Amino acid sequence: MRVAVMGIGGTGGYYGGLLARAGEDVTFIARNLLLETVRAHGLTVKTTHAGEFNIAAKVTDDPSEIGPVELLLFCVKTYDTDAAAELVKPLVCPDTVVMPIQNGIDNAERLAGFLGLEPIIGVMPGVSSHVEAPGVIRQVAVRNLLLGELAGGNSPRTERVLKTFEWAGIGAELRSDISTDLWEKFVAICAFAGVTTLTRLPMGAIQACPEAKGLYHGILKEAESVGRAHGVALSERLADRVLAFTTRANPSMRASMFYDLAAGKRLELESLNGTVVRLGQEHGIPTPLNFAVYAALKPYANGAPVLPD
């Protein structure tokens, strides 16, 4: 399968790297130092389940050089969605499947403004991974990736993507109601990203502190309430189940937003806790804990703030 990966971050590097290792025709799209590093040294992926491997990855900074592909993994940060969507237009033909693998809850709608809704399927990634160094991806935890048609149900194209991922050693499942799954992941990532970034701590340390754990649970409950008010049929006791899962998860896990903060990069704050706050205001749902995270991290949203002398 001809595959293009827009963005070699933790997610795009992990999934694209495994697909390339399995023999799929994968081309990565990158810029500047990352482009030159991968060209010179390949892409290294360090996993907990498949060991460490390096591939001589095909990489370019010009999507038009690739031509139409069968599968496009769209893995950029949410604040880069519009600019990246414009760039990938030459990759998309009537047979292309587009997988937006991003945080946030409105990525398909935003992409559809550039590519149309038809090529896009819903995807909920299951990997916790980050860029350890340019061209080096470290995966910390992994669950099955979920995918399905945005309108509901399955199709020959989602089944083909499923088989391709399974062949590459990527656990995946078809879902008949992926939109609900995406919202449930959004609830979880708002707490995970918000609290690990705000505290600068991994999940184990957060779970060990009753107050930090209470903050985590409270953010989950607020986001769950906002989702229900927004008309999403979330599963019962979602916040409690997510909290229970994170109690059992790898204690070293941190969200990618923490690594962006530590590196002085922009944050996906508006697409996560900022969205919970805005939708809460829309629906009359109080979100004080999400607002606290949003307000505390807002000065860092565009990168490290410039402090006065």
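Let me start with strand β1 (residues 2-6), which is joined by 5 bridges to strand β2 (residues 25-29), the two running parallel. Within that pair, M6 sits opposite I29 of β2. On terms: two strands count as paired if DSSP finds at least two bridges between them. Helices (H or I, at least four residues) and strands (E, at least two) are DSSP runs, numbered from the N terminus.

Before going on, this is a predicted model, where local features need pLDDT of at least 70 and side-chain atom pairs count only at pLDDT 80 or more, while totals for chains, interfaces and linings use all residues. Residues are numbered from 1 along each chain as its sequence is written, and side-chain values use heavy atoms, with hydrogens and water left out.

Back to the sheet. It is open and has 5 strands, in the order β5-β2-β1-β6-β7, with parallel pairing. The edges are β5 (58-60) and β7 (97-100); each has a single partner strand, so one side of each has no neighbour in the sheet. From one strand to the next the twist averages 20°, with axes being lines fitted to C-alpha atoms, for helices over the stretch in contact, and angles running from 0 to 180 degrees between N-to-C directions.

Next, the nonpolar cores. A core here is a set of buried Ala, Val, Leu, Ile, Met, Phe, Trp, Tyr and Cys residues joined through side-chain atoms within 4.5 Å. Buried means under 20% relative accessible area, exposed over 50%, and partly exposed in between (1.4 Å probe, protein chains only).

The largest core has 40 residues, and W183, Y216 and L220 touch the most other members. Elements that each supply at least two of its residues include β10 (136-142), α6 (178-199) and α8 (210-229). Helix α6 gives the most, with 9 residues. What does L220 touch, leaving aside neighbours within four places in sequence? L220 is in contact with V187, A188, A191, A239, V242 and L243, contact meaning heavy atoms within 4.5 Å. Apart from this core lies another, of 37 residues, among them M1, L19, V26 and L71.

Last, backbone angles. Most residues other than glycine have a negative phi. N32 is not a glycine, yet its phi is positive, about 55°. N32 lies in helix α2 (residues 32-41) and is exposed, at 59% relative accessible area. R237, also not a glycine, has a positive phi of about 50°. R237 is in the loop between α8 and α9 and counts as exposed at 57% relative accessibility.
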